[in-house]
Amino acid sequence: MASSIEFRALTRYYGALRAVDAVDLEVEAGEFVTLLGPSGCGKSTIVRMAGGFLRPTSGDIIVDGRSVVHLPPQAREIGTVFQHYALFPHMTVAENVGFGLRVRKWKRAQIRDRADEMLELVQLSSFRDFRPPALSGGMQQRVALARALAPRPRMVLMDEPLGALDVALRDMMQRELKRIQRELGVTTIYVTHDQDEALFMSDRIAVMSAGKVEQYATPHDIYHHPRSRFVAEFVGRLNLWTAERVDEGASTAYRVGDACIISAGPDDAPSSGDALVGVRPERISVLIQPSIGQSMLRFPGRVEEVTFRGDADLVAIDVPRLREVVTAQCLTGLWEPGKEVWVEWSPSDLIVVPTANAPFLAQDKGEGVGVPS
Amino acid sequence: MTTTEPETLRQHGYAAHPRRAVWHRRSFNGFMVLSAVLAALFLLAPTLIVIVISFGTDRFMTLPPSGWTVDWFGRIPPRYFESAWLSVRLATIVTVASVMLGVPAGLGLARSRMRAKALVDAIVRSPLQVPFVVIGVMSLFYYSLLNRTVGLGLLGTMTGLAIAHTIVTAPYVVVGVVASMAKFDVGLEDAAHGLGASRFTTFRLVIFPIIKPAVVAGSFFAFLVSFDEVPITLFITVAGAATLPVTMFLDAELQLSPVIYAVSSLLTLMSIGAVLLFARVVGLRGAMAPQ
């Protein structure tokens, strides 16, 4: 059932706009891969081309070693779940789920059995005779999933399937989708602009920007080892500083402001010149007095602003030695502006973003925290 | 009056004078019913009067009639039945042509994303905005021109009438199809294709069921408009081969014989019968507003 899919130099223009720019991507059989990026980054365009609904301008799409780029959607055996469900309004839930089987000339009894099986999988058995407009958004999306999976497709494409749902429902549906995907082991390409969704659900994430894949890696690597400034700023919050690399004997160090920061992680940066380094707000401790830990990096500062975030406070701390304002994530209600504090983090929490284009960085200097929209 | 009523009214701000509020509402309701009855009478009066008169003995319009008879119905000349048959055939052809042109045009318009879409849409709908009499004049001019230049004789023929009628009836189908498609996600077709359905299967199982009410309603209008059409037909018909409404119009100009009232009564009753049948079979409300 599960198939692998591969994009080779996949390119799509809309007029003069390069929506998808020579994308190479490999998805293994049974893998759950998310295309993550802001709107307009080309992620939906890739999925539409994979489904056969849109012709690539150039490049190839390989499924199980065979090119499918010239096949119409009918011949690809790829299930698609659309953002707005696209359920057939004049058919019942069971008829919707059975549509792909009816088209394939299955016998009536077989269609009924398979539809019942799929509806059980998405826990909608009691709604089999309802019409889609009578169901809630979450239910409709589950019907759409059951319909896509019923003909045992070689893989499933999901284009922002939860985009139209409210947050609580989205949370539940993420678990649900993940459970179903694991249960069936079906290869899945998932499109979203929601980083939490991507981090939670995926085996691998392809972070996209302006038609290109910025980084293709596991959620852990995407979060802890972003390979570009875009990835670092798009996924999670991050204090990001431009730094100058200095050699400090055995370990690698970076000069930020007047301070020297040691890195303990794998060294990705170019051996000299400017670099980008950062620390995630949740890895920074804020203390009244410096701790006695040996290995910690610590700087004195003054609380400038406290932003309430519900589950945590984001505390902005002016750190003169870094010549930066550092954002830390703290328990709520601990700090108030004006307080003299110490900020600390472990050298292993330093994120080093490799970058080749120093001039571009210079122009963005002074930006403290990357807060994704 | 139930005991709960003042409660409800108080909630709506009538606390000071609950009794007066109830009185106001009652008289308002009465006023609405009266207006509705008057309006219905006003609208129905001409039809009712014609039906009443058609059963009267008088040669000239007299109300109330001095005696009652069904004689006039037996004195309808055979040419009325011939032209009625012509009208039915014409309206049927026009209906079929309207569907065959209107459905593809409507689907194309609903689906297309081309820049000139609004323009094409306006052109397709334009016959509904041009006065029928103008279309009549233009058809006469155009058919004569065709006759003189290429020897194509359309004046007074069934084909000529059908073409002219279809110009004004096809838009009813187009407009309905576009409206019914607009309610649904364009992704439906992609979804069907992705599930393995061919273009034809997609049309049969997905598109057609969605536009069916619009097509039925559009055909119904096309048939009625064609059957009832005078201004265009008048210009391009020839004596002896006229549709029923045109025959009646020409006869009424010569003399207002009670025979015409008899024909009118018959037509009215048949129309009501047809609408009732249509409502019974398809559901009028369902056809007017799909889903």
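Let me start at V97(A). Leaving aside neighbours within four places in sequence, V97(A) is in contact with A115(A), M118(A), L119(A), V143(A), A146(A), R147(A) and A150(A). Contact here means heavy atoms within 4.5 Å.

Before going on, some ground rules. This is a predicted model, where local features need pLDDT of at least 70 and side-chain atom pairs count only at pLDDT 80 or more, while totals for chains, interfaces and linings use all residues. Residues are numbered from 1 along each chain as its sequence is written, chains are lettered from A and ligands numbered from 1 in the order in which they are written, and side-chain values use heavy atoms, with hydrogens and water left out.

Back to V97(A). The largest nonpolar core has 34 residues, and V97(A), L145(A) and L149(A) touch the most other members. A nonpolar core is a set of buried Ala, Val, Leu, Ile, Met, Phe, Trp, Tyr and Cys residues joined through side-chain atoms within 4.5 Å. Buried means under 20% relative accessible area, exposed over 50%, and partly exposed in between, with a 1.4 Å probe and protein chains only.

Which element gives the most to this core? That is α4(A), with seven residues. Helices (H or I, at least four residues) and strands (E, at least two) are DSSP runs, numbered from the N terminus. Another core lies apart from this one, with 27 residues, among them A275(A) and F299(A).

Now the two chains together. In all, 19 residues of chain B are in contact with 21 residues of chain A. The chains bury about 1,600 Å² between them, 70% of it on carbon and sulfur atoms. Buried area is the accessible area (1.4 Å probe) that two parts lose on being put together, summed over both. On the chain B side, D190(B), L195(B) and L205(B) lose the most area to chain A, together 37% of what that side buries.

D190(B) also forms a salt bridge with R48(A), side chain to side chain, at 3.6 Å from N to O. The term covers a side-chain nitrogen of Lys or Arg within 4 Å of a carboxyl oxygen of Asp or Glu. The count between chain B and chain A is one salt bridge.

Last, G67(B), in the loop between α2 (18–54) and α3 (71–74) of chain B. Is G67(B) buried or exposed? G67(B) is buried, with a relative accessible area of 15%. Not counting residues up to four places away in sequence, G67(B) touches F55(B), G56(B), T57(B) and D58(B).
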